[in-house]
Amino acid sequence: MNLARVVENKSFYNYGVITFKTDKKLDIEPGQFLMMKSKDGYNLSKPFSVMDCKDFEFKVLIRNAGDFSKFLIKLKIGEELLFRGPYGSPFSKFIDFNKKYILIGGGCGSAPLMHFKKIYPNIIEDSVFGFSDYRIKSIVDDDNIFVDRIDGMNPVDYILNRNKGKDINIISCGPKGMFIYLKYIIDSYQTAWISMEENMGCGIGMCKGCPVDTVDGIKMVCKDGPLFNIKEVIL
């Protein structure tokens with residue numbers, strides 16, 4: 001386990017963007033995740049995608065969805081926690097860099113896509129990051145933040161309508177319902193990759209806690225993903 005110290009915490013009740021500093025120089029590719037836990041050991045390690053990473057700092061996007069996320073959102077500057085990783089295969093292992101991509105994020109699933117957009121801007125055709133709370137714009141700096149209740153439609157329809165007629169390649173991360181809808185509406189010739197989010201215990205495929213059903217049988221999100229071709233996954 002490695003030690004990480006909070007150097008910035010921009011949070012409100014629903015979401016938080018927290019920047020940690022560590023003594024270990026980090027090399028985290030977009031799509032990889034860290035297993036994080038409190039120093040007192042009261043919780044099992046939980047996976048968090050990295051929103052940004054530079055040298056000795058990394059940033060995560062948190063949604064208040066349980067005891068540990070609530071604990072994270074309330075962390076103060078200088079407080080510490082434990083982490084290990086990175087785990088998972090980077091998006092760059094799967095995609096074709098000769099193509100352009102549209103990024104579709106839902107909630108905290110936007111985090112690895114924001115990281116990908118920053119590292120590989122030249123292959124990004126367009127992006128949208130959907131949230132349900134307008135206050136997200138006060139802590140996340142991106143021109144393509146989309147708030148469902150204000151913008152009046154879901155982010156998938158919005159971004160695909162905006163890019164109608166283009167040779168679309170998609171990378172998406174978010175809730176399973178968004179993937180089901182995306183799989184239903186995209187054309188058969190379009191390529192879509194989805195970054196799966198599942199509960200995990202170990203992060204390396206040993207505990208079998210993050211199975212995903214595919215046309216080739218059961219795979220583990222942490223070891224075999226998190227990125228899968230949407231046509232491969234049985235949703």
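Predicted model: local features only at pLDDT ≥ 70, side-chain atom pairs only at ≥ 80, totals over all residues.
Local features require pLDDT of at least 70 and side-chain atom pairs count only at pLDDT 80 or more, while totals for chains, interfaces and linings use all residues. Residues are numbered from 1 along each chain as its sequence is written, and side-chain values use heavy atoms, without hydrogens and water. Helices (H or I, at least four residues) and strands (E, at least two) are DSSP runs, numbered from the N terminus.

An open sheet of seven strands runs in the order S4-S3-S7-S1-S2-S6-S5. Its pairing is antiparallel; two strands pair if DSSP finds at least two bridges between them. S4 and S5 stand at the edges with a single partner strand each, so one side of each has no neighbour in the sheet. Neighbouring strands are turned by 35° against each other on average, direction ignored. Such angles run from 0 to 180 degrees between N-to-C directions, with axes fitted to C-alpha atoms, for helices over the stretch in contact. Strand S3 (residues 33-38) is joined to S4 by four bridges, and the two run antiparallel. Here leucine 34 stands opposite phenylalanine 48 in S4. H2 packs on this sheet and touches S4, S5 and S6; contact means heavy atoms within 4.5 Å. The direction of H2 makes about 50° with that of S5.

A second open sheet has six strands, in the order S10-S9-S8-S11-S12-S15. Its pairing is mixed. Strand S10 (145-147) and S15 are the edge strands, and each pairs on one side only. On average, neighbouring strands of this sheet are turned by 25° against each other, direction ignored. Three bridges link S12 and S15 in the antiparallel sense. Isoleucine 194 has phenylalanine 228 as its bridge partner in S15.

Helix H5 (residues 176-185) has Met178, Phe179 and Leu182 buried; buried means under 20% relative accessible area, exposed over 50%, and partly exposed in between (1.4 Å probe, protein chains only). These residues cover an arc of only 100° around the axis, which puts them on the same side of H5. The arc is that of the directions from the helix axis to the C-beta atoms. The buried residues of H5 pack against strand S8 (101-106), helix H4 (155-162), strand S11 (169-173) and S12.

Several backbone features stand out. The peptide bond from glycine 85 to proline 86 is cis, with omega near 15°. Proline 86 is in strand S7 (residues 80-87). Another cis peptide bond joins glycine 225 and proline 226, with omega about 15°. Proline 226 is in the loop between helix H6 (221-224) and strand S15 (227-229). Aspartate 55 is not a glycine, yet has a positive phi of about 55°. Aspartate 55 is partly exposed, at 37% relative accessibility. Lysine 208 also has a positive phi, near 60°. Lysine 208 is exposed, with a relative accessible area of 51%.

The largest pocket has a volume of about 950 Å³. Of its 36 lining residues, Pro47, Cys108, Glu197, Glu198 and Asn199 are the closest to its centre. A pocket is an open set of points on a 1 Å grid over the protein atoms alone, where a 1.4 Å probe fits, with protein on both sides within 12 Å along at least five of seven lines; lining residues have an atom within 4 Å of a point. Grid points are joined across faces, edges and corners, and the volume is the space filled by probe spheres set on the points.
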